[in-house]
Amino acid sequence: MTSISRPRVLPGFSLTLGYTVLYLSLIVLVPLAALFIKAAGLGWSEFWQAATSPRVLASYRLTFGTALAAAVINSIFGFIVAWTLVRYQFPGRKLLDAIVDLPFALPTAVSGIALTAVYSQNGWLGQYLEPLGVKVAFTPLGIIVAMTFIGLPFVVRTVQPALEDLEREAEEAAASLGASRWQTILWVIAPSVVPALLTGFALSLARGIGEYGSVVFISGNMPMRTEITSLLIISKLEQYDYAGAAAVAVMMLLVSFAMLLLINLIQRYAARRYQGVL
Amino acid sequence: MSIEVEHISKSFGTFKALDDVSLRINAGELVALLGPSGSGKTTLLRVMAGLETPDPHPQASVNFHDEDVSSRSVGQRQVGFVFQHYALFRHMTVFENVAFGLRVRPRRERLPAEQIKARVNQLLSLVQLQQFANRYPSQLSGGQRQRVALARALAVEPKVLLLDEPFGALDAKVREELRQWLRTLHEQMHVTTVLVTHDQEEALEVADRVVVMNNGRIEQYGTPDEVFHHARTQFVMEFLGQVNVFQGRVHRGKATAGPLCIDYPAYDGAEERLANVYLRPHDFAIRRSTGGEPALQAIIVRINAAGALARLTLRAGDGSAILAELPLEELRELDLHENESVFLCPKKARVFLSGQEANETTAAFNGKVQGRISG
């Protein structure tokens, strides 16, 4: 541990650390603490009841399940998109690169409405999917689609720099040693990209869990079936059940935090394992 | 295993990296591709390896042991390739790096794990890195990394070893050591080896033969002795070692450059032609008086006596700089000092007609023929 008061050649540590602590407190910790205090007003048994009623439990399952599915889908296809953008020169590459950021920029409600319009029974895609027995709008599948849409840029933007960093020569070396393309991807490329891909996965997952705007339009919000947790919190608020809403929010916060922490740990392990620096 | 490339050209956009190159490398030889950057030497090496596809040409081919391998991929050619920047797998230990080529073989050809382990350990002891087996590349020095890369390339028992500026990123001392080590290794294994380098000292010291390249073409191919002492072109003359160039003229079997007059029987026409006269720093004899011989008067600007040869920088009457070398004892005997005026008597020289390469050239002074140099 480096001591805080030790004089340094390049000063600025205490100032920046102080600023960081203050900033994080104001922006992140104080609102979260308020949340906990509000929920604490309930008492333990009431809290437990509010946070684990069947309707709430169903919403947890739906939210985390769909966010997880969306993050997995994004990790696979986001990787392919990033690969294409980094590795190949083709007309329209810059345009494609810009399109990746669109889900960032679009108001989530707009994307929700657009997705619903496209995938509903009479929509552009919905009218062809419906006869095949694939219902997208107003089902968990629709929620996954919306979460995939908004999470894609996270994976692409985190994996891209990692791919750009890859040594072309390491791949050539692998090929000259007789490795097939698949072996090269599996044993040479993937290990260097895994830590970045995990970050992208975590960001996409977190975004999916917290998503509200784009999902509420396409999900249909049927209690027990297509009602996500953030919507449930809103409806509790609309009924002036502030403490109940806070209880659900706290539960959600704890689970999300645990998941992100876990991913972070895996990532650290992977980074150490793959970079070989201790 | 011999390597033969025929009519290989390679363009990158409008840049012609290789221009109809043909070359045959005998089995078991260590050959250096030497040239300035952009001369096409690395491209030629990569074409041999199959990392680069040559431009289509009806007669273009790459042969290993008289067998056309043009259509084979790099993995099928069984070449060991070593990169300038090592290209080690960063996330694998030294052991895993060396074992990689053995582990990726199809299951039925793969050695059992025990034998892979034995083979890797044997290679690691060959490159003197046994104790580093469990380290990661980032924990090794440059020289150690390059030895890992070499062990990794040797693991698959390559038929030819291709080294792309393998010591280019290392400091002088390590480079020198690895150079000797590579030569010893080559003598033990006798794998046909091609080494790309821009360091002439490295090429002349290590290689059995040297290919001097320039602008995508081969300027000269021969033993280090041949290319250094019997340069066929002005480029080779200027690229290898230090050389003083004097502009002059030839006619009626004589070449003149300033006060220097040289017999040049290769051209006895009456019409004067421009020519360049080349003298290596050791081609001068330094005298205090001319003794009647044609000599160039110059002032000593600097004497560098570090080494067996003393290196002198001189300034001629027209202000041009001249480099000369003489044994240290001779310097002491002559008792030369800076700012002294001396006479430079050429002992031998090479003459090239301007705008014409690879001529018959002879060098002689005062009618005493010093010996003909094949062209």
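How many residues does the contact take from chain A and from chain B? The contact (heavy atoms within 4.5 Å) takes 23 residues from chain A and 24 residues from chain B. This is a predicted model, in which local features need pLDDT of at least 70 and side-chain atom pairs count only at pLDDT 80 or more, while totals for chains, interfaces and linings use all residues. Residues are numbered from 1 along each chain as its sequence is written, chains are lettered from A in the order in which they are written, and side-chain values use heavy atoms, with hydrogens and water left out.

**View 1. Chain A, overall.** Chain A has 13 helices and zero strands (DSSP runs numbered from the N terminus: H or I of at least four residues for helices, E of at least two for strands). The C-alpha trace of chain A spans about 65 × 65 × 30 Å along its principal axes. Of its 278 residues, 40% count as buried (under 20% relative accessible area, 1.4 Å probe, protein chains only). Among contacts in chain A between residues at least 6 apart in sequence, 76% join residues at least 24 apart.

**View 2. The area between chain A and chain B.** The two chains bury about 2,000 Å² between them, with 55% of it on carbon and sulfur atoms; buried area is the accessible area (1.4 Å probe) that two parts lose on being put together, summed over both. In chain A, the residues that lose the most area to chain B are A:E172, A:S176 and A:L177, together 30% of what that side buries.

**View 3. The salt bridge.** Between chain A and chain B the count is one salt bridge (a side-chain nitrogen of Lys or Arg within 4 Å of a carboxyl oxygen of Asp or Glu). The side chains of B:R46 and A:E172 meet in a salt bridge at 2.7 Å, N to O. On the side of chain A that touches chain B, the elements giving two or more residues are α9 (168-176), α10 (181-210) and α13 (242-275) of chain A. Of these, α9(A) gives the most, with seven residues.

**View 4. Nonpolar cores.** The largest nonpolar core has 51 residues, and B:V98, B:V120, B:L124 and B:L150 have the most contacts inside it; such a core is a set of buried Ala, Val, Leu, Ile, Met, Phe, Trp, Tyr and Cys residues joined through side-chain atoms within 4.5 Å. Helix α4 (residues 142-155) of chain B gives the most to this core, with seven residues. Not counting residues up to four places away in sequence, B:V120 touches B:F95, B:V98, B:A99 and B:L102. A second, separate core of 41 residues includes A:V56, A:L62, A:A137 and A:I233.

How values were computed
Buried means under 20% relative accessible area, exposed over 50%, partly exposed in between (1.4 Å probe, protein chains only).
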